[in-house]
Amino acid sequence: MKVVGVLLGFICYCLCLHFREDKTFKILQFTDLHFGTADDQTVVAENAVLDYELPIDLVVLTGDQFSGGDFANASMQYTAWYNMVTPMVDRNLLWGFVFGNHDDQGYLTRDEIMSYDQTFPGSISKFGSPDLPGVSNYWHPIYRSDNTSEIVAAIYFLAVGDHGCENDPFGNGCITTEQIAWYQSISTQLSNAAGKPIFSLMFLHIPLTEYVKLWNKETCWGIKGEDTCCPQINTGLYDALAANGDVRVVSVGHDHSNDFCGHFSSFPNLQLCHGRKSGYGAYNSLDHGGRTFLLSLADDGTVTYQTWIRTEYGEIDTQAEHDPRGWGQETCFHS
């Protein structure tokens with residue numbers, strides 16, 4: 001059964017996402033740009049990675065676009081955001097973003113940042129339901145082509161707060177049960193309309209608690225250069241994704257020295273990934289870059305993907321295989 005966007009209340013008037021004629025769709029993830037310090041260097045890195053990865057169908061910014069506390073006033077923040085999106089605007093690219101824990105620690109509120117971003121051509125960022133925390137909770141369908149309303153994939157964007165999760169007011173921010181219920185509602189509608197789960201990706205800022213166990217117990221690819229910073233409370237997002245069976249990749253930021261991907265052997269269809277620290281602001285131990293996801297669409301509607309890290313120097317980073325040790329970090333680290 002074909003899934004038609006209007007049946008789900010999603011009417012696309014412009015800036016629609018769709019597979020190319022060669023049946024591919026490329027996403028480039030930038031994360032932790034941390035504008036507010038070393039902005040000129042970050043813009044150079046952005047430009048380089050974008051040019052190496054063109055053509056790109058969507059850029060996803062997964063939080064901490066700002067180091068909010070590094071700004072002296074709101075005008076500086078607006079200027080920094082302008083400088084951040086200009087590389088995408090100059091290349092006529094589309095982008096969407098989610099908030100991280102540092103974005104609204106300056107002079108601009110989340111509402112003000114979102115409103116400003118939406119003034120730029122190419123932004124597909126959206127205000128989420130006011131009933132959900134964090135502002136940037138939304139989704140976008142990916143259509144089979146530019147002349148059809150058939151949805152063949154979806155992308156979810158989820159926000160985290162500055163800090164606090166459920167009844168823990170001091171720990172890392174998390175995806176709340178209300179946000180999980182929102183995802184489940186959209187996912188169920190898509191699956192019911194298609195008669196099967198729709199291939200989906202999910203982007204957010206802070207890793208799920210499962211990332212700790214993943215590195216210790218399973219084969220991963222990439223680097224773990226610091227403890228995983230995640231919520232002490234597990235709100236059940238991973239279990240919800242596994243139950244619905246549509247989200248094939250969750251990709252996060254937050255941990256500047258981690259870039260590994262992996263999956264649990266008990267559920268190999270759900271990959272947990274980190275992006276690559278993209279900006280020069282704040283700490284970093286890896287070459288700056290981005291994570292690419294290349295989706296491929298088969299004639300029968302099946303979607304598969306490849307992923308890699310592209311550095312600002314043009315290299316595709318070799319992500320070494322890490323064999324599980326069965327021990328290591330035991331609980332989420334609070335940053």
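**Buried rings, a buried charge and an enclosed helix**

At 8% relative accessibility, Tyr238 counts as buried, because anything under 20% falls in that class. Keep in mind as we go that this is a predicted model. Phe264 is buried as well, with a relative accessible area of 8%.

Phe66 sits in the loop between strand 4 (58-62) and helix 2 (74-90), while Trp81 belongs to helix 2, so the pair ties together parts that are 15 residues apart in sequence. Both partners are hidden from the surface: Phe66 is buried with a relative accessible area of 1%, and Trp81 is buried at 2%.

Now come back to Tyr238, which forms an aromatic pair with Phe264. The centre-to-centre distance here is 5.6 Å, and with 80 degrees between the planes the pair is edge-to-face.

If you follow the ring pairs around Phe66 and Trp81, you will find a cluster that links Phe66, Phe71, Trp81, Phe97 and Phe99.

Helix 6 and strand 11 turn up again when we look at helix 5 (residues 210-217). Six of the eight residues of helix 5 are buried, so this helix is largely enclosed by the rest of the structure. The buried ones are Glu210, Tyr211, Val212, Leu214, Trp215 and Asn216. Their cover includes helix 6 and strand 11, together with strand 9 (220-221), strand 10 (247-252), strand 12 (267-274) and strand 16 (321-322).

A last stop is Glu46, a residue of helix 1 (residues 39-53). Which side chain of opposite charge is nearest to Glu46? That is Arg91, 7.7 Å away. A salt bridge needs the charged atoms within 4 Å, and Glu46, although buried, has none. What does Glu46 touch instead, leaving aside residues up to four places away in sequence? Its contacts are Phe30, Leu33, Phe35, Asn83, Met84, Pro87 and Met88.

Conventions:
Residues numbered from 1 in each chain as written. Predicted model: local features only at pLDDT ≥ 70, side-chain atom pairs only at ≥ 80, totals over all residues. Heavy atoms only, no water. Helix = DSSP H or I, 4+ residues; strand = E, 2+ residues; numbered from the N terminus. Buried < 20%, exposed > 50% of the residue type's maximum accessible area, 1.4 Å probe, protein only. Lys, Arg positive; Asp, Glu negative; His and termini not counted. Contact = heavy atoms within 4.5 Å. Phe/Tyr/Trp six-rings, centres within 6.5 Å; stacked < 30°, edge-to-face > 60°.
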